[in-house]
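Please consider the sequence and the three-dimensional structure shown here. A short briefing on selected features accompanies them.

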Amino acid sequence: ILDNLSLSGRIGRGLAKLEYMRLLSLARNNFSGSIDVDIAQLKELETLNLAYNALSGRIPPALGNASLLKFLDLSENVLSGAIPAELFSNCRNLRYISLARNLLKGSVPSSIASCDGLSSLNVSWNLLSGAIPDE
């Protein structure tokens, strides 16, 4: 946990070498740039908190490969584009997801309906349209 330390720069590819990491929390810092797709290679990752930074670009669809992920918070960044359907392709363990306060467009993918254990979803303060699918 490296929250609220005024860290800046880009989140590096070196994280992929930490293959047994279960929790990665870099919230409330000043990280910028895109979310590195290599984070999805952390096969043991259960918690990913990158909230309250200045991360931009699209949400990597490969994050859906993190099958043990329970908690995902990407809120309060400047992420754009659509929410990738692949994000929910392997979500049997996902309990909490917040994508609030970004610049996401489109609709919530229908694949979210396969996340049976999801107890909290926050997609507020984006540019989304349509209903949240339940089937």
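The points below concern a predicted model and are grouped by topic.

The model contains an open sheet of six strands with parallel pairing. A search of the whole structure finds one cavity of 30 Å³ or more.

- The six strands of the open sheet follow the order β1-β3-β5-β7-β9-β11, and their pairing is parallel.
- Strands β1 and β11 stand at the edges with a single partner strand each, so one side of each has no neighbour in the sheet.
- Strand β3 spans residues 30–33 and strand β5 spans residues 54–57; these two strands pair in the parallel sense over two bridges.
- Within this pairing, S32 has A54 of β5 as its bridge partner.
- In general, the strands of a sheet pair through backbone hydrogen bonds, in either a parallel or an antiparallel sense.

- A polar atom of the N126 side chain lies 3.4 Å from the backbone nitrogen of L103.
- The N126 side chain also reaches the backbone oxygen of V123, at 3.1 Å.
- When residues up to four places away in sequence are not counted, N126 touches L99, A100, R101, N102, L103 and L104.

- The C-alpha atoms of I1 and L26 are 6.5 Å apart in space, while the two residues are 25 residues apart in sequence.

**The cavity**

- The largest cavity holds about 60 Å³ of space.
- The residues that line the largest cavity are L63, G64, A66, L69, L72, L87, N90, C91 and L94.
- By class, this lining comprises seven nonpolar residues, two polar residues and no charged residues.

Technical notes:
Residues are numbered from 1 along each chain as its sequence is written. This is a predicted model: local features need pLDDT of at least 70, side-chain atom pairs count only at pLDDT 80 or more; totals for chains, interfaces and linings use all residues. Side-chain values use heavy atoms; hydrogens and water are left out. A polar contact is a pair of N or O atoms within 3.5 Å; within protein, one must be able to donate a hydrogen and the other to accept it, and residues adjacent in sequence count only if both atoms are side-chain atoms. Contact means heavy atoms within 4.5 Å. On a 1 Å grid over the protein atoms alone, a cavity is a set of points where a 1.4 Å probe fits but cannot get out, and a pocket is an open set with protein on both sides within 12 Å along at least five of seven lines; lining residues have an atom within 4 Å of a point. Grid points are joined across faces, edges and corners, and a volume is the space filled by probe spheres set on the points. Ala, Val, Leu, Ile, Met, Phe, Trp, Tyr, Cys and Pro count as nonpolar, Asp, Glu, Lys and Arg as charged, and the others, Gly among them, as polar. Two strands pair if DSSP finds at least two bridges between them. Helices (H or I, at least four residues) and strands (E, at least two) are DSSP runs, numbered from the N terminus.
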